[in-house]
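Dear colleague,

Please find the structure below, handed over for your own work. My findings follow it, arranged by topic.

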Amino acid sequence: MAQFRVPPIPSSEITPESVYLRRRQFMQAAGLLAAPALAGLASDVNARPATGGSPLEFRDAASGPAGFTTDEARTPRQDVTSYCNFYEFGSGKDDPAKYAHEMSVDPWSIAVEGEVARPGKLTMEDVLSRYDLEERVYRLRCVEAWSMVVPWVGFPLAALLKNFEPTSKARYVAFETLYRRDEMRGTRSFTSTIDWPYREGLRLDEAMHPLTLLAVGMYGKTMPNQNGAPIRLVVPWKYGFKSIKSVVRIRLTEKQPATTWQDLNAREYGFYSNVNPDVDHPRWSQKYERRLPSSLLRPNRIPTRLFNGYEDQVAGLYKGMDLKKYF
Ligand SMILES: Nc1nc2c(c(=O)[nH]1)N[C@H]1C(S)=C(S)[C@@H](COP(=O)(O)O)O[C@H]1N2
Ligand SMILES: [Mo]
């Protein structure tokens, strides 16, 4: 797995200059290169996994390997930030844009635990100084049959998992979103049937796949709260609900973890939830999708593709599996 090697030299010496600068700019924009933050980083080495303080090697061009970035038209940022699913803030598409600012995202840390040799915590400062960021333009296909094209800024989840050294027992990865009732009005709603916190999960090989991102921004800026600030998962070949927002816990497990939508209705939402035009939702077809921006007059309806168009990259993960049974 040379691909995930931790190099002994600083990333500034192995990263293409333009990318390195972009990362510095991004960190600056996020307020992470301010003097107090730097001082904090310098004194906080014990909080990091013991695999060393240097960031992972930047592996390819800024857009990742071939086929990893689409040249389809990007959905306007305005649509992506105003038409959201984030049930912690309500079930309406415009609720997250209205109420997600009530969530405090600084300070933030992610606990990594379970079947790993080196459990621990990462602050956002750790995350941004350790991992080299790249832009990936991905399609995102919601199970409700709308879709969009988003330029994410992030890094492969695999890079983070490697640092914590999954044990030989680790077969799945479970994720949890922040749960703070006083900052999340959707979690206080009497009509919500979700058992908070919001939970998701992947098989370990899906989690290690180079398409699977932890995103800290989009459209070249830090992540808006309604889209899952300060850090969220992006799994582009699965229905959008797998791409869990505002992650605070990552747990490696031996057994398949419980997930929010499967818990709510296992007949309608499977653990895998790979985008598949041939497996309809019990209440609607999955053959087509509305590509945002979409309106009654211009629905912008397009055919849905197997694995959301990432078949070349991910079909190998499911060889021999019945995709209708494991939907
Ligand atoms: N914690 C949390 N994560 C979540 C959700 C949610 O309600 N809570 N909604 C999911 C769904 S259904 C979709 S389609 C995507 C939407 O991401 P976006 O709003 O950034 O487009 O987030 C997913 N992640
Ligand atoms: Mo969704």
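**An enclosed helix**

Helix H7, which spans residues 157–164, is largely enclosed by the rest of the structure, because seven of its eight residues are buried. Those residues are Leu157, Ala158, Ala159, Leu160, Leu161, Asn163 and Phe164. Just after H7, Glu165 adopts a positive phi of about 55 degrees. Please bear in mind throughout that this is a predicted model.

Which residues does Leu160 contact, leaving aside its neighbours within four places in sequence? They are Val112, Leu122, Tyr131, Phe155, Leu214 and Ile250.

**Aromatic pairs**

Across the whole structure, a search finds 13 aromatic pairs. One of them joins Tyr131 and Phe155, both of which are contacts of Leu160. Their ring centres are 4.6 Å apart and their planes lie at 10 degrees, so this pair is stacked. Tyr131 sits in the loop between helix H6 (124–130) and strand E3 (134–141), while Phe155 belongs to strand E4 (residues 146–156); the pair therefore ties together parts that are 24 residues apart in sequence. Both partners are buried: Tyr131 has a relative accessible area of 0%, and Phe155 has a relative accessibility of 1%.

A further pair, formed by Tyr272 and Tyr318, is edge-to-face, with 6.2 Å from centre to centre and 90 degrees between the planes. Tyr272 is found in the loop between helix H9 (260–264) and strand E11 (288–291), and Tyr318 in the segment after helix H10 (311–314), so the pair ties together parts that are 46 residues apart in sequence. Tyr272 is buried at a relative accessible area of 7%, and Tyr318 is likewise buried, at 4%. These two tyrosines belong to one aromatic cluster, together with Tyr172, Phe271, Phe307 and Tyr326.

**The ligand site**

Ligand 1 is surrounded by 17 residues, of which the closest are Tyr87, Glu88, Met148, Thr177 and Lys245. Which polar atoms of the protein approach this ligand? A polar side-chain atom of Lys245 lies 2.6 Å from an oxygen atom of ligand 1. The side chain of Asn227 places an N or O atom 2.9 Å from an oxygen atom of the ligand. On the backbone, a polar atom of Ser243 is 2.9 Å from a nitrogen atom of ligand 1. How much of the accessible area that ligand 1 has on its own does the protein cover? Of those 530 Å², the protein covers 99%.

**The chain as a whole**

The protein chain contains 10 helices and 12 strands. Of its 327 residues, 51% count as buried. Among contacts in the chain between residues at least 6 apart in sequence, 73% join residues at least 24 apart. The accessible surface of the chain comes to about 14,700 Å², and carbon and sulfur atoms account for 51% of that area.

With kind regards

Note on methods:
Residues numbered from 1 in each chain as written. Chains lettered and ligands numbered in written order. Predicted model: local features only at pLDDT ≥ 70, side-chain atom pairs only at ≥ 80, totals over all residues. Heavy atoms only, no water. Helix = DSSP H or I, 4+ residues; strand = E, 2+ residues; numbered from the N terminus. Buried < 20%, exposed > 50% of the residue type's maximum accessible area, 1.4 Å probe, protein only. Contact = heavy atoms within 4.5 Å. Areas by Shrake-Rupley, 256 points an atom, 1.4 Å probe, with all protein chains shown as cover. Near = heavy atom within 4 Å. Polar contact = N/O pair within 3.5 Å; in protein donor to acceptor, adjacent residues only side chain to side chain. Phe/Tyr/Trp six-rings, centres within 6.5 Å; stacked < 30°, edge-to-face > 60°.
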